[in-house]
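Biologist: Hello! I am new to this one and would like to learn how to read it. Could you walk me through a few features?

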Amino acid sequence: MLATRTIIGIIVGSLVIGLGGYSLVTSLAPTISMNENFVIGSGESASFSIPAPKDAPQYMMIVGDAFDLKLASPGDGLNIPNTSYKKELVLDWTHTEEGQTIIVIQNTGASELEITANTNQTPDPFGITFDFMVITSGVIILGFSLGFTLRKPKGF
């Protein structure tokens, strides 16, 4: 018969391994679609970095009183110099090469800027490392809980 702590440890360890495995499988996709909404206050600035593979479509809509924008995309992609805009700007581009798009937005108007971004990005390699750490933690939890069935440590 297994001890209660062993059963609880097996269940928790299995859940942790399962969640880490699921996250690892979903992060191994070639691109990740991100739908995000941002708000930038008056006088503030924001910088965005979008790592993306070749032929990845990108979309960004900026709505506000007035703002400055600088965008540089890899290869022959969309390149916009530092320019002032008013009311609304819709950016729709495709990466022609694998690389990183850099976007810098400065709110120069009296109202907040609302930014809607739909981007396709490459997965973060640190995310994959984190998934392996979660799986390893689950294995350690399983190992400790199974150790309770062999002998009970002093004090338990």
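Biologist: Is Phe48 buried or exposed?

Modeller: Buried means under 20% relative accessible area, exposed means over 50%, and partly exposed lies in between (1.4 Å probe, protein chains only). Phe48 has 13% relative accessibility, so Phe48 counts as buried. Keep in mind that this is a predicted model, where local features need pLDDT of at least 70, side-chain atom pairs count only at pLDDT 80 or more, and totals for chains, interfaces and linings use all residues. Residues are numbered from 1 along each chain as its sequence is written, and side-chain values use heavy atoms, leaving out hydrogens and water.

Biologist: How many aromatic pairs does the structure hold?

Modeller: Rings of Phe, Tyr and Trp (its six-membered ring) pair if their centres lie within 6.5 Å; planes under 30 degrees apart are stacked, over 60 edge-to-face, and the rest tilted. Here there is one aromatic pair. The ring centres of Phe38 and Phe48 are 4.9 Å apart with planes at 55°, so this pair is tilted. Phe38, at 28% relative accessibility, counts as partly exposed.

Biologist: Where is Ile141?

Modeller: Helices (H or I, at least four residues) and strands (E, at least two) are DSSP runs, numbered from the N terminus. Ile141 sits in helix H2 (residues 125-150) and is partly exposed at 30% relative accessible area.

Biologist: Which residues does Ile141 touch?

Modeller: Contact means heavy atoms within 4.5 Å. Leaving aside residues up to four places away in sequence, Ile141 touches Gly9, Val12, Gly13 and Val16.
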